[in-house]
Amino acid sequence: QVRLVESGGGLVQAGGSLRLSCAASGRSFSSRAMGWFRQAPGKEREFVAAISWSGASTHYADSAKGRFTISRDNAKNTVYLQMNGLKPEDTAVYSCATGRARYCAVSECSDETQYDDWGQGTQVTVSS
């Protein structure tokens, strides 16, 4: 099991940027894909981005493409989500999760059942 702790959330104006971090404890972090999901009030959790175990492959939701960048540093057991050009509709609790395999196929990355461990999340609020 991997313990995940997110940080970096906060209040930002529309057009601003935030960098989320997800620190993992556990030896299996570097051998697993990682994902970021978000859940807005009254809405279901939705996929944001995923990255393979090596960082060579990334996948994004359409809403994140061109604005968000997922990356990882296996030496630090940390995965990041750089968010630029934030919009009010990006307001949500952002959570990271460990994938069940080294990478996820495009059709799998957005499937929550492909992830095992979840963090508690960090709140991102974008004001207009």
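Predicted model: local features only at pLDDT ≥ 70, side-chain atom pairs only at ≥ 80, totals over all residues.
Which residue forms a salt bridge with Asp90?

The partner is Arg67, and the closest N and O atoms of the two residues are 2.7 Å apart. If you follow the chain, you find Asp90 in the loop between S8 and strand S9, which covers 92-99, while Arg67 sits in the loop between strand S6 (58-60) and S7, so that the pair links distant parts of the chain, 23 residues apart. Asp90 counts as buried, at 0% relative accessibility, and Arg67 counts as buried as well, at 13%, because the cut-off for that word is under 20% relative accessible area.

Let me turn to the other salt bridges, of which there are eight in total when this pair is included in the count. One of them is formed by Asp117 and Arg32, with 3.3 Å between the closest N and O atoms. Asp117 belongs to strand S10 (residues 115-118) and Arg32 to the loop between strand S3 (18-25) and strand S4 (34-39), and the pair therefore ties together parts that lie 85 residues apart in sequence.

Through salt bridges that share partners, Arg32, Arg100, Asp116 and Asp117 are joined into one network.

Next, the disulfides. A disulfide is a covalent bond between the sulfur atoms of two cysteines, and this structure holds two. In one, Cys22 is joined to Cys96, with an S to S distance of 2.0 Å. Cys22 lies in strand S3 and Cys96 in strand S9, so this link ties together parts that are 74 residues apart in sequence. The torsion about its S-S bond is about 65°, which means that the disulfide is right-handed. Cys22 is buried at 0% relative accessibility, and Cys96 is likewise buried at 0%.

The other disulfide runs from Cys104 to Cys109, also with 2.0 Å from S to S. The torsion is 95° about the S-S bond, and this link is right-handed. Cys104 and Cys109 are both buried. With the bonded cysteines counted along the chain, the disulfides follow the pattern 1-2, 3-4.

Finally, the sheet. Four strands form an open sheet, and reading across it the order is S1-S3-S8-S7, with antiparallel pairing. At the edges are strand S1 (3-7) and strand S7 (68-73), each of which pairs on one side only. Neighbouring strands of this sheet are turned by 15° against each other on average, with direction ignored. If we look at one pairing in particular, S7 and strand S8 (residues 78-83) run antiparallel to each other over six bridges, and within that pairing Thr69 has Gln82 in S8 as its bridge partner.

Notes
Residues numbered from 1 in each chain as written. Heavy atoms only, no water. Pairing = 2+ DSSP bridges. Helix = DSSP H or I, 4+ residues; strand = E, 2+ residues; numbered from the N terminus. Axes fitted to C-alpha atoms, helices over the stretch in contact; angles between N-to-C directions. Salt bridge = Lys/Arg side-chain N within 4 Å of Asp/Glu carboxyl O. Buried < 20%, exposed > 50% of the residue type's maximum accessible area, 1.4 Å probe, protein only. Disulfide = S-S within 2.5 Å.
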